[in-house]
Structure formats: C-alpha cells, structure tokens
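User: I am new to this one. Could you show me the structure and walk me through it?

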Amino acid sequence: MSKHKSEEIILILTFLLLISNLCWLMSPKRVKECNNGKKNIQIFLLAGQSNMAGRGGAIKKSIGGNTTEVWDGFLPKECKPNKKILRFNAAQKWEEAHEPMNYGIDCLVSCALGPGMAFANEILKKDSEFGVIGLVPCARGGTGLYRWRRGSYAYDDLIRRAKSAEKDGGTFRALLWYHGEGDMRAKNGSSSYKSNFEKFVHDLRTDLQSPNLPILLAVLPYPKKPFEGPYIEELRAAQLGINISNVIKFDAKGLEMSRDGIHLTTPAQVQLGRMFAHAFLSLKNFRSRTTFSFYKFFPSNIFS
C-alpha cells in the first residue's frame with residue numbers, strides 16, 4: 001500500500017471517529033447535561049378524567065369510620081418502575097416514576113393504577129434506546145370538557161405543569177387523552193364535544209408553542225350497568241369524527257370495566273397503556289434523532 005493511500009485511510013478513520021463522537025453527543029437516547037445545564041427528557045402529558053388519573057385496583061375500605069376507595073397495591077410487571085421513566089410530581093420535581101401516577105395531583109388516598117407506567121414501559125420495550133421518558137400527570141376526575149377550556153383550573157394547571165417540566169430540559173412528545181365519561185351523560189356535552197375538543201387542541205398547542213404536538217386520543221369504550229351513559233353513541237361519534245392534524249385516535253372499545261361500570265380494571269389499564277404506546281409508535285418520526293450516512297462522503301472504491 002502506498003504512503004499516500006495509508007495517509008488517506010488514516011484521515012478517513014479520524015473523520016469517522018469524529019462523526020461517531022458527534023452522534024453520541026447529539027443522541028436523545030439518554031438524559032444528558034447540555035451546555036446550559038438542562039436535561040434532555042422525552043416529555044409526555046397525561047390528561048383527562050378519573051381513568052387517566054387511575055382507578056385500576058381501587059377498592060372500598062373503611063378508614064376512620066368513613067368508607068373510601070384505596071388502591072389494592074397490586075402492581076403488574078408491565079407497570080414496574082424503571083430508572084429511565086420519570087414522573088413530574090405534585091411539587092413540580094422530577095422523580096423516578098411509580099404508581100399511583102396521579103398521586104397529589106387530584107387524589108391522595110383514592111389514587112390507584114393508571115395507564116402511564118404501562119405506556120412508558122411498552123415504549124422502552126419496543127425501543128430500548130428511546131431515551132428517558134418523563135411523564136407529567138395532569139388528569140382531573142369528574143371534569144367535563146368545559147372544565148378544560150383556556151382559563152379553567154384544569155387547563156391552566158396542565159399548561160403550568162407542562163411548562164415547568166419543560167424548563168428543566170426536555171421535549172414535548174405527545175399528550176395522552178382519555179376523557180368523556182361525564183360528557184356521555186348529557187346531550188349538550190356529547191353534541192359539542194368535537195368542536196370543544198378541537199378548540200382545546202388548538203389552544204394547547206398555541207400555549208405550549210408546539211404547533212404539531214401529537215395528541216393520542218382514546219375513543220371511549222361502552223360503559224356497563226350500573227353506570228348510565230345515554231349519549232355514549234353521540235360521544236363516540238364525536239371522538240371518531242375529530243379530524244385535525246396529528247391527532248391519533250384508537251378505539252378502546254372492549255376494555256374491561258370494574259363493578260361501577262365506568263372505571264377500568266387493572267388489566268384494562270395495562271392494555272390501555274399499551275394502546276397509547278402503539279398509537280405513539282405509529283408516528284413516522286417518533287424518534288427524535290440525527291442519522292448520518294458516512295458512505296455518501298466517500299467514493300465507493302475508497303478502501304480498495
């Protein structure tokens with residue numbers, strides 16, 4: 001091999017090493033300290049009503065002479081903690097995520113299992129190098145869609161928590177939305193759901209300065225007795241009819257209900273989390289990474 005050829009190969013290998021290091025530095029596969037001291041977290045917002053807050057495994061128990069709901073403590077393997085999954089807690093601090101996810105947000109004793117951990121674990125199962133996932137629970141039980149208008153407490157708290165989570169470093173990846181249990185009980189709630197939800201999405205994206213934020217929308221399943229939801233067909237039609245960019249819908253029909261006829265069981269919450277994950281993974285650009293093609297820089301016979 002000629003001296004000139006050897007020098008050329010050494011130069012190419014040095015360049016490849018440099019590019020490799022740049023790829024590692026720019027990769028969102030891990031939480032890393034940026035030059036501004038912030039972390040790179042893949043942020044997911046969890047919003048909606050009590051099923052998003054989590055009622056899986058909720059049982060009635062007498063405490064101090066009063067009957068209330070508490071979590072039975074059963075934790076499926078799909079919901080186990082993972083060091084690559086964080087939770088933005090009620091004190092607006094990142095911590096290792098765990099169930100009950102919504103603890104301190106809208107519930108204390110009555111908090112139970114929701115879809116968040118199953119969602120995040122499924123993402124990492126499908127892509128172990130996705131990065132660190134940051135879950136921001138914002139669900140509020142018993143809130144009709146009118147309670148999620150700009151200026152309402154539920155909406156404003158969602159925006160406040162989202163911005164606070166982002167300022168620590170991170171990227172908004174999607175909003176997970178499971179909602180409508182209250183709106184199926186009234187005609188005006190179900191008939192206006194489509195237009196009100198589209199307004200909610202527009203305001204959310206504007207206020208977060210994220211115009212293409214993916215919205216993962218669960219179309220509600222049918223309730224069972226004793227719960228009364230006379231306008232479920234109208235509500236489902238409204239949710240299925242939503243047609244705005246980057247709203248990914250999936251039908252949650254068939255998920256198992258608890259005895260009250262409206263809250264999901266623990267197995268159903270796990271299944272719901274996986275549904276949310278698959279909806280997100282269906283996005284073409286669910287990975288935010290930079291890919292380099294080394295070979296385009298060199299002629300095909302460079303190593304010959």
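**Cysteines and a helix pair**

Analyst: C79 is buried, with a relative accessible area of 1%; buried means under 20% relative accessible area (1.4 Å probe, protein chains only). This is a predicted model, in which local features need pLDDT of at least 70 and side-chain atom pairs count only at pLDDT 80 or more, while totals for chains, interfaces and linings use all residues. Residues are numbered from 1 along each chain as its sequence is written, and side-chain values use heavy atoms, leaving out hydrogens and water.

User: Is C138 buried or exposed?

Analyst: C138 is buried, at a relative accessible area of 1%.

User: How many disulfides does the structure hold?

Analyst: It holds one disulfide, that is, a pair of cysteine sulfur atoms within 2.5 Å. C107 and C111 form it, with their sulfur atoms 1.7 Å apart.

User: What is the handedness of that link?

Analyst: The link of C107 and C111 is right-handed, with 95° about the S-S bond. Both cysteines, C107 and C111, are buried.

User: Changing topic: at what angle do α3 and α8 cross?

Analyst: The axes of α3 (residues 116-126) and α8 (residues 266-281) cross at roughly 50° and come within 7 Å. Axes are lines fitted to C-alpha atoms, for helices over the stretch in contact, with angles from 0 to 180 degrees between N-to-C directions. Helices are DSSP runs (H or I, at least four residues), numbered from the N terminus.

User: Which residues of α3 make the contact?

Analyst: On α3 they are A118, F119, E122, I123 and K126, where contact means heavy atoms within 4.5 Å.

Terms used
Helices (H or I, at least four residues) and strands (E, at least two) are DSSP runs, numbered from the N terminus. Buried means under 20% relative accessible area, exposed over 50%, partly exposed in between (1.4 Å probe, protein chains only).
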